[in-house]
There are 2 protein chains.
Amino acid sequence: MADPRRTRLQTDERRAQLLTLGLRLFSTRAYDEVSIDAIAEEAGVSKGLLYHYFGGKRAYYLASIEHAAGGLIESLDAVPEALVGPARALAMITAYLDFVEHHGDAYGTLLSGGVGSDPEVTHLMARSREEVAARILHGVGLEAPRPVFELAVRHYIGGVEAVVLDWHDRRQLSRTVLLQFLVQQIRATLEVALALDPDAAVQLDVP
Amino acid sequence: MADPRRTRLQTDERRAQLLTLGLRLFSTRAYDEVSIDAIAEEAGVSKGLLYHYFGGKRAYYLASIEHAAGGLIESLDAVPEALVGPARALAMITAYLDFVEHHGDAYGTLLSGGVGSDPEVTHLMARSREEVAARILHGVGLEAPRPVFELAVRHYIGGVEAVVLDWHDRRQLSRTVLLQFLVQQIRATLEVALALDPDAAVQLDVP
DNA sequence: GCCATTGTTGACCGCGATTCAATGCGGTGC
DNA sequence: GCACCGCATTGAATCGCGGTCAACAATGGC
């Protein structure tokens, strides 16, 4: 446990340890309020080691965010393939909320991704959202590109991020109400999209 | 025009000039890619002056964002009071899109700051969104607090920010389709809220 | 036990944010 | 028109922090 001088770890362990720590620190304070020295001290590690594992502070931050994003996607993919239709929507939203409740800070960091609109962070977030969007569209049987539905789902995801963040920060609404709203809202959103693009082969009611 | 040595301006003018410049610079590059020196040089002003007007870089950034947020709210408030119901929704969304088309970069900065990293920026964005939310709720005749409707509107706004940012970055969809979607979506969202809170005295159909 | 590999360190460097005492422009009173 | 004063403005000095690098030591193979 204690390390009088040095502790040598496997690359993966150390990397994971640092990522988790980074997530926690960047969640607590703002990006440029967290100094490399502070991170190193907190980790009980030298500054140089951080530069050995990640290229620099920015890259470290980016990796932390990616770590969180990966966790979220993983959670969503834990939903059994067997579930379809509204039941699947319910399960996925539940998984989403569970993730937020368990890794609240990580989620917060994930969403507060912009250090003043950094292209790399923006791109990473965009890819993460596309993953979520793909899963939603897959859930209603849409595989081919459908711009209107992509728009609708993008709107939905943006809304989810907003309300869930609010919910996590200041618990004003019960989880139940939030869940109900989100389930009904995805359906309503998809119906709006269907009204604008009636030819799309979506299945909103697979039982 | 040219200033061989010094140019002395009114406090308000200089402040406005610096804010506008800041908005432009922070929109172009990431926060910590923009150095105080660069800002000062671009403004044709000394570094120290920036510290005289704003407390520091962070505060300067914050003020720039606030500037942009103010412009957006102003645009929304330019919609005539006479318009009500769906027509008002259409007008306000149009005003929103107009603002984004005219001040696209400022809008981008505004939002990427909003997702933003530190408590002050977050708080500022929250207040700005509350202003928008209040205007939407007012538009349907809701003045008293209604948690479910606040949730719904928060979701809607989050979605709008997401899709509008996407739309601004990579014009994949026509403005018309976006507009149609957003108009129908606000109605659908409010209806979902109404289903969960049937007692609310909303007016979705004032002609 | 020796050696190679590589995880790990700590002192050093330079840029950029911040400070502050000095400077001079613009308006005011006479 | 002139002297003066307040306040916008400056730029040199400071300092903290991100980043670099050559040396060091823990682990595993022989």
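Student: Buried means under 20% relative accessible area, exposed means over 50%, and partly exposed is in between. Which of these does A:Arg175 count as?

Tutor: Partly exposed, because A:Arg175 has 25% relative accessibility, and the in-between class runs from 20% to 50%. Keep in mind that this is a predicted model.

Student: Got it. Which side chain does A:Arg175 meet in a salt bridge?

Tutor: That of A:Glu101, at 2.7 Å from N to O. A:Glu101 sits in helix α5 (residues 85–102) of chain A and A:Arg175 in helix α9 (residues 175–196), so the pair ties together parts that are 74 residues apart in sequence.

Student: And how accessible is A:Glu101?

Tutor: Its relative accessibility is 36%, so A:Glu101 counts as partly exposed.

Student: Let's zoom out. What is the secondary structure of chain A?

Tutor: Nine helices and zero strands. Along the sequence the pattern reads α-α-α-α-α-α-α-α-α.

Student: What box do the C-alpha atoms fill?

Tutor: Roughly 65 × 35 × 30 Å, taken along the principal axes of chain A.

Student: How much of chain A is buried?

Tutor: Of its 207 residues, 48% count as buried. Chain A exposes about 10,400 Å², and carbon and sulfur atoms supply 53% of that.

Student: What about contacts within the chain, and how many join residues at least 24 apart?

Tutor: 69%, taken among contacts between residues at least 6 apart in sequence.

Student: New topic. How many residues of chain A are in contact with chain B?

Tutor: 39 residues of chain A, in contact with 39 of chain B. The two chains bury about 3,200 Å² between them, 66% of it on carbon and sulfur atoms.

Student: Which three residues of chain B supply more of its buried area than any other three?

Tutor: B:Leu151, B:His155 and B:Phe181, with 21% of the area that chain B buries against chain A.

Student: How many salt bridges are counted between the chains?

Tutor: Four. One pair is A:Arg58 with B:Asp32, whose closest N and O atoms are 3.4 Å apart. Over all chains the count comes to 28 salt bridges. A:Arg58 lies in helix α4 (residues 57–77) of chain A and B:Asp32 in the loop between α1 and α2 of chain B, so this pair joins two chains.

Student: What does A:Arg154 touch?

Tutor: A:Arg129 in its own chain, plus B:Ala162, B:Val163 and B:Asp166 across in chain B. That leaves out residues up to four places away in sequence.

Student: One last pair. Which residue does B:Arg135 form a salt bridge with?

Tutor: B:Asp77, with the closest N and O atoms 2.6 Å apart. This pair links distant parts of chain B: helix α7 (residues 119–139) holds B:Arg135 and helix α4 (residues 57–77) holds B:Asp77, 58 residues apart. B:Asp77 is partly exposed, at a relative accessible area of 42%.

Methods: Residues numbered from 1 in each chain as written. Chains lettered and ligands numbered in written order. Predicted model: local features only at pLDDT ≥ 70, side-chain atom pairs only at ≥ 80, totals over all residues. Heavy atoms only, no water. Helix = DSSP H or I, 4+ residues; strand = E, 2+ residues; numbered from the N terminus. Buried < 20%, exposed > 50% of the residue type's maximum accessible area, 1.4 Å probe, protein only. Contact = heavy atoms within 4.5 Å. Areas by Shrake-Rupley, 256 points an atom, 1.4 Å probe, with all protein chains shown as cover. Buried area = accessible area lost by both parts, 1.4 Å probe.
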